[in-house]
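Welcome! Here is a short tour of some helix packing and of a ligand site. Have a look at the structure first, and then we can walk through it together.

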Amino acid sequence: MAVIALAGGLGAPGVTTTAMALLLTWPLEGGHRVVLAECDPDGGAILPGALQGTLGGTHGLRNLALAARQGQLGEAFWRQLVDVTDAGTRDRLVLPGLYDPAHASSMGPVWKPLSAMFAGIEAHAHDVLVDLGRRGAFGPSQVLAQRADVMLLVARNTLRGLQSAEVRLAALREQLGTTSEVRLLLVDAGPFPAGEVQRQLGAEVVATLPWRPGEAAVLSDGAEQPRKFEVSELIRAARSATTRIRQLVATRRARLSVPARGSLEARAVTGAR
Ligand SMILES: Nc1ncnc2c1ncn2[C@@H]1O[C@H](COP(=O)(O)OP(=O)(O)O)[C@@H](O)[C@H]1O
Ligand SMILES: [Mg+2]
């Protein structure tokens with residue numbers, strides 16, 4: 001029952017891959033469901049990537065622009081979600097992103113009501129992961145970052161990755177103030193250990209995902225799964241990251257005394273195939 005925003009710095013540090021790993025490992029006890037909303041203004045990668053283009057461009061964020069203008073975002077949202085479970089249980093869902101970044105300009109009326117929806121999505125026990133890509137935490141879609149419980153900056157622990165993260169971290173902090181907690185999630189592609197990164201950048205490293213190109217390609221490009229993918233290093237690390245992230249949300253909510261339940265009507269979720 002939380003909104004977790006993910007963003008990255010220069011290059012492609014692995015925001016979408018990390019978000020997918022969290023989506024697939026998010027704990028679902030007590031009837032929980034989880035949605036990954038791909039809100040990267042530069043365009044989405046999940047439909048052509050993890051989902052291998054099998055759905056064409058039929059589902060996604062783009063279809064919400066008209067609905068938002070007509071005040072029907074609530075109903076439309078659930079219809080745009082794609083189930084990524086093998087068993088069709090609809091408890092791990094993706095809102096695919098824009099397939100053409102040119103469409104970002106028409107999304108202005110969507111971001112605010114969408115962020116309000118995410119913040120109130122708890123009535124049906126959905127947690128939401130929001131992929132903001134490189135730019136999405138700034139500009140018109142910044143409200144998505146502002147209303148998140150936790151903001152995770154995904155960075156590779158290379159010199160280049162960390163320099164970019166440092167600049168981005170400062171910008172995020174200025175932008176979000178104390179409204180959202182900014183933390184680091186490292187992709188272990190470089191030599192710098194988490195403790196050192198934490199000290200240098202002055203932000204907690206919530207988790208470190210291992211550098212595993214073969215496993216990552218399953219999540220970023222829909223590559224064939226290596227043997228025992230479900231218990232691979234990357235997936236196991238993502239699973240423990242979810243525990244830490246949920247702890248952070250719980251601590252923050254306890255501090256702010258946010259009530260546990262909201263009011264979103266989610267009845268249309270069953271029709272969202
Ligand atoms: N933990 C990881 N280990 C190895 N490669 C990774 C990892 N995370 C991401 N990658 C790779 O990095 C590239 C960019 O990932 P992507 O998630 O699309 O980045 P972003 O969303 O930040 O642009 C992809 O080829 C992906 O497979
Ligand atoms: Mg991405």
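## Helices α1 and α8

At roughly what angle do the axes of helix α1 (residues 15–25) and helix α8 (residues 213–221) cross? In this predicted model, the two axes cross at roughly 90° and come within 9 Å. An angle of 65 to 115 degrees counts as roughly perpendicular, so α1 is roughly perpendicular to α8.

On the α1 side, the contact is made by Thr17, Met20, Ala21 and Leu24, and α8 brings Ala216, Leu219 and Ser220. Sorted by class, the residues of this contact of α1 with α8 are five nonpolar, two polar and no charged.

## Helices α6 and α7

Let us move on to another pair. Helix α6 (residues 159–176) and helix α7 (residues 194–201) have axes that come within 11 Å and cross at roughly 45°, which makes α6 oblique to α7. The crossing of α6 past α7 is right-handed.

The contact of α6 with α7 comprises five nonpolar residues, one polar residue and two charged ones.

## The site of ligand 1

Which residues are closest to ligand 1? Of the 16 residues that surround ligand 1, the closest are Val15, Thr16, Thr17, Arg212 and Ser220. Thr17 and Ser220 also take part in the contact of α1 with α8.

Backbone atoms feature here too. Oxygen atoms of ligand 1 lie 2.9 Å from a polar backbone atom of Gly14 and 2.8 Å from a polar backbone atom of Val15. A nitrogen atom of ligand 1 is 2.9 Å from a backbone N or O atom of Arg212.

Terms used. Residues numbered from 1 in each chain as written. Chains lettered and ligands numbered in written order. Predicted model: local features only at pLDDT ≥ 70, side-chain atom pairs only at ≥ 80, totals over all residues. Heavy atoms only, no water. Axes fitted to C-alpha atoms, helices over the stretch in contact; angles between N-to-C directions. Helix = DSSP H or I, 4+ residues; strand = E, 2+ residues; numbered from the N terminus. Parallel < 35°, antiparallel > 145°, perpendicular 65-115°, else oblique. Left-handed = near helix turned anticlockwise from the far one by under 90°. Nonpolar A, V, L, I, M, F, W, Y, C, P; charged D, E, K, R; others polar. Contact = heavy atoms within 4.5 Å. Near = heavy atom within 4 Å. Polar contact = N/O pair within 3.5 Å; in protein donor to acceptor, adjacent residues only side chain to side chain.
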